[in-house]
Amino acid sequence: MGENGSGWLPEAMSTVAAEVDALFYFTLYTSTIIFVAVIGAMIYFGIRFRRRDESEVPTPVHEPKWLEMTWIVVPTILVMIVFTWGFKVFVKLHTAPPDSYEITVRAAQWYWEFEYDNGVTSANELYVPVGKAIKLNMSASDVLHSFFVPAFRIKMDVIPNRVTSVWFEATDVGTYQVFCTEYCGTSHAAMLATVHVVTDSEFRQWLATQNQDLPPAELGAQLFNQYTCNVCHVDTAVGPGLTGIFGSERKLSDGTTVIADEDYLLESIVDPGAKLVEGYGLQMPATFGSLTQKQLDGLIAYIKTL
Amino acid sequence: MTSHSAEGHPAHLEHHFVSSEQQFDAAKMGMWLFLVTEILLFSGMFVTYTVFRSWHPEVFAHSAELLDWRMGGINTIVLLASSFTVALAVHFAQKDNMRLVIINLMVTLVFAFLFLVIKYFEYTGKFAHGVFPGAAFDPHGVAGGHNYADYNIPYAAQFFSIYFVMTGIHAFHVIVGIGVIAWITLRVSRGEFSSAYYTPVELTGLYWHLVDIIWIFLFPLLYLI
Amino acid sequence: MAQDETINYLNHDRSLKSWLLTKDHKRIGLMYLGAVSLAFLAGGILALLIRLELLTPGETIMGPDAYNQSFTIHAVLMVFVVLIPAIPAALGNFFLPLQLGARDVAFPRLNLFSFYLYLTGAVIVLSALIVGRIDGGWTFYAPYSERVGDSILFVTTGVFVMGFSSILTGLNFIVTVHKMRTPGLTWNRLPLFVWSIYSTAIVQVLATPVIGITMVLLFLERFLSIGIFDPALGGDPVLFQHFFWFYSHPAVYIMILPAFGIISELIGTFSRHRVSGYTFVALSSVAIAFLGFLVWGHHMFVSGQSAVSSVVFSLLTYLIGIPTGVKVLNWVTTMYRGSISFKTPMIYALIFLFTFSIGGFSGVMVGVLGIDIHLHDTYFIVAHFHYVMMGGTVIAMLGGIHYWWPKMTGRMYNETLGKIAAILVFIGFNLTFFPQFIMGSRGMPRRYYDYLPEFQFMHELSTYGSWILGAALFMILGYMMASLINGKKAPSNPWGALTLEWTHAAALPHPHNFLATPIVVRGPYDYHLAREMFELVPSGDGQHGEVIPGVEASEPDGRPEEA
Ligand code: HEA
Ligand code: HEA
Ligand code: CUA
Ligand SMILES: [Cu+2]
């Protein structure tokens, strides 16, 4: 299978993907064969027995009992094969190997946050080593989300107040798309992330260098995209544009005005409902309250540069 | 049946039925089906109860202590008695004794009201100590040997939410029942029914038995275990 | 008798009041048909807008909020306002009593009441649009549905009220089938449409109360924060999903079983042949109705429900394929050695076999645990359910409307336009939804207002398809309306069918359906026993199969038959 996978399925890049695909194609082809037979018979009968004379009245055919029985028995057998097979694949998809490397995943409107064993966190960028079983322990802070990586054929809902998990072992280095597949509000379609599958040594190096200090404004610029601020404030008009707002006078929806100083920006990020900008509703999620002080400082520094 | 203007058909027979029996059978079957849907409606709540109880059995058992089994028990007896009187009413309708039908229906009404009065005292007793469904749940004060503050534990609010929802929806059915019985009583007193036609009386009786049966399940689940 | 023939259910009283307060099942059926078509139009226009938005990635015609609301309302309209009442309440109401030889349903007043409940529910749902933002999809998963605006309260109340209407309709039909059959109409002589409406009614009565209580609980949770579903209050969002699907899976059989009934009628009539395996076809409806209650968990394979339940639900899911397969295969064999006439309704029946089978097979594929993990909540699912709902129920409904149009309106539509439109529907439909299978299995998630560029080609195809589909449907609307004005007057039995509404009722039925009680002496598809029907009248004048209303059906003649 090439870079883009086969005709129906995307590239298969995890250890279970090939098995899922085999099962998929088995059911697809069996269904196609039965389908063609059924529709073929329908078309043939339609032509062969078309009405040639308005007054013709055919004699009823007494279908033999064995025919009814075949229709019950053959599908039942097929169905049992597929069930057993599907069950096996499911068990494999379901049970992470005991020595998996565990990563904590937190989902919130509308970003993914990954935390590694040494406390490093990253948003919307998941780094994992190739050829190693990875187990993700996931929870959500607001509503349901769902973690889906097509190339790995895995998906699992992420639920508030509960930990669900999913595992995979990537077979090749590369970057793969993550989608959120449980409807979670305005920016559900933008709740994307990337899995970077890298070699083991690259992964170690990446982990080690993550705590290295960036200048606040640069960190902020990164975070601004990672935490999807850009989706509402740049790409769409869901939120107000932020260019040049630092120090300017903001009109609020209750009619008052306020000067956009650092305190105001901080409050706008951690508690968006406190002061609503005129013309906008309470659409900005309150989940950013969980960002660290350093991250918040970075974001504010970055907004000042806009 | 050739045409619907057929001579001498009884006044209660609607034009699309062939005979009184057909009409009666149809009505009765319809009522049974309706009762089935009622049971399913409540079964949704019973499932909720079972799920939450299986998750937090101690909390549920502990919270149930706050419910007064004596009041619940009296109410059970009241409803059972009312079920009996409504059955008597149907019995006397068959016997064409309309005076006794009316008396029995009236007694049923009295029991139904009594049930609601007792429920009213139960509810207000809880509200007085901040035992409300949902977010307003804030138990406090001392009464009947219980320190309500002891019940301010996680998931106790769920128990009481379920309690209020289930008994509330049940009480709603009692109120509807009172309306229906009152209306039927009125129709009996107007002489609309006889032993030849008393379908509405019988259907009302069936409905009332259902209300009773549901309570028979609610009482032990909420008050006793 | 002659003067009676000029009186029909439409002209015996033309006042508005006589319509609004009618207890006549035929008029109620027509009113449902009107309401359902309007809602279908509204839902369809939203669908066209959805497709237009998806023509290119990013914002094409609307922003994310508008898009999210569009697909939510599209689905709520299509499922609760269109599909669930469509066949049973519109065509079922009209034809069930006729096929039973009854004067009306068992409880005509209740029937009218159901109609108004339905209207009220629909209006409440739609008023949510005015109140404010309503998104989250038709599944209303908690806790999201508890965080959006108050308009969700209107939707849940509306769904609750319509559910009540659905229960009362189902109850009415069950009693009607049991108690109102005309003499001679034994259970094994019931038309298959009656069997399917009967099975549907059972599901309606047994499943709908659960969505009722779910909506009540959701409502109370919004109002009082009772903490049943919202994890922030100690509730369980997965419990909500169980409740929702406990109703909504059986509900998909509420949508499809009546469609099966129509298809049986169409294939029997236009093959002029006894429906093969009658008993199997009839009882498989009942089997599907019951099995349908045991598989709801197949919507929740990745929801966090226990692995054991997933396995059990998966197994039960396939079992449903078997009775359904029995039906499909029997329909095909009915055509064997029949005398097949390709009138517009029959074309819809053939399209149905094609599209519904694809939908059904894709359903079995997503029922497989290992595969569904990948396909869940992608466009593969969107394609699956449009193939069964649009390609199944709506296609069957269109077939049924064409088939019974002469009986309902007394007019014939233009046959040529009918065939052209049917073929355009077929092309447009497949072009719209087949590409969705492919992009779905390649990873395109559903409920996405925006998408990666790699999916654009498939989305484009799908959008173009929706234009053809939309055009064809508008064409149908057009020639149907035209037939009311200048259509040919319909004979009482234009297709030469054998069920009572064709053989014993006038072209436009009498207000009380039949002038005399019909006596049934043969099965609904026993053409060989009604041979004289097709020999009495010379062919070609559009009058073949004309039977004088009120005359008893012919006795079996016992002659040996030759092919
Ligand atoms: C009319 C509506 C309708 C019908 C009839 C069906 C029919 C079926 N559906 Fe579908 N389904 C929906 C409407 C419907 N569905 C909707 C709306 C959703 C999505 C809801 C949402 O999330 O928004 C859905 C989702 C859905 C899922 C969940 C997917 C997911 O979200 O991950 C599953 C999984 O098992 C499923 C399975 C099936 C099966 C097995 C059938 C079977 O009944 C099909 C049986 C038919 C056949 C199999 C074809 C004919 C058979 C033969 C020719 C014989 C040979 C057969 C074999 C050998 C098997 N459906
Ligand atoms: C009965 C069910 C039904 C029907 C018929 C349709 C019909 C259509 N649907 Fe819909 N759809 C759903 C039920 C249905 N849908 C559901 C349940 C969802 C899931 C939503 C969710 O995620 O919550 C969905 C979601 C959905 C999506 C996915 C949105 C997303 O996930 O982001 C898309 C996208 O292409 C779509 C498209 C269409 C199209 C193009 C049609 C076309 O077939 C429409 C064609 C119709 C017309 C153009 C109208 C013309 C009508 C007339 C002229 C009236 C004439 C009257 C008579 C002839 C009687 N639908
Ligand atoms: Cu998060 Cu969708
Ligand atoms: Cu289902």
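The paragraphs below describe two ligand sites and then one interface.

This is a predicted model, in which local features need pLDDT of at least 70 and side-chain atom pairs count only at pLDDT 80 or more, while totals for chains, interfaces and linings use all residues. Residues are numbered from 1 along each chain as its sequence is written, and side-chain values use heavy atoms, with hydrogens and water left out.

Ligand 2 is surrounded by 37 residues, a residue being near if one of its heavy atoms lies within 4 Å; the closest are C:Arg51, C:Tyr67, C:His74, C:His386 and C:Arg447. The table lists polar contacts, that is, pairs of N or O atoms within 3.5 Å.

| Residue | Atom of the residue | Distance to an oxygen atom of ligand 2 |
|---|---|---|
| C:Trp138 | backbone N or O | 3.0 Å |
| C:Tyr379 | polar side-chain atom | 3.4 Å |
| C:Gln436 | polar side-chain atom | 3.3 Å |

The iron atom of ligand 1 has a single protein donor, NE2 of C:His384, 2.2 Å away, where donors are N, O and S atoms within 2.8 Å of the metal (3.2 Å for Na, K and Ca). The iron atom of ligand 1 lies 4.5 Å from the copper ion, ligand 4.

Chain A and chain C bury about 7,600 Å² between them, 70% of it on carbon and sulfur atoms; buried area is the accessible area (1.4 Å probe) lost by the two parts on being put together, summed over both. Across this interface there is one salt bridge, a side-chain nitrogen of Lys or Arg within 4 Å of a carboxyl oxygen of Asp or Glu, and A:Arg162 and C:Asp236 meet in a salt bridge at 3.1 Å, N to O.

Notes:
Chains lettered and ligands numbered in written order. Polar contact = N/O pair within 3.5 Å; in protein donor to acceptor, adjacent residues only side chain to side chain.
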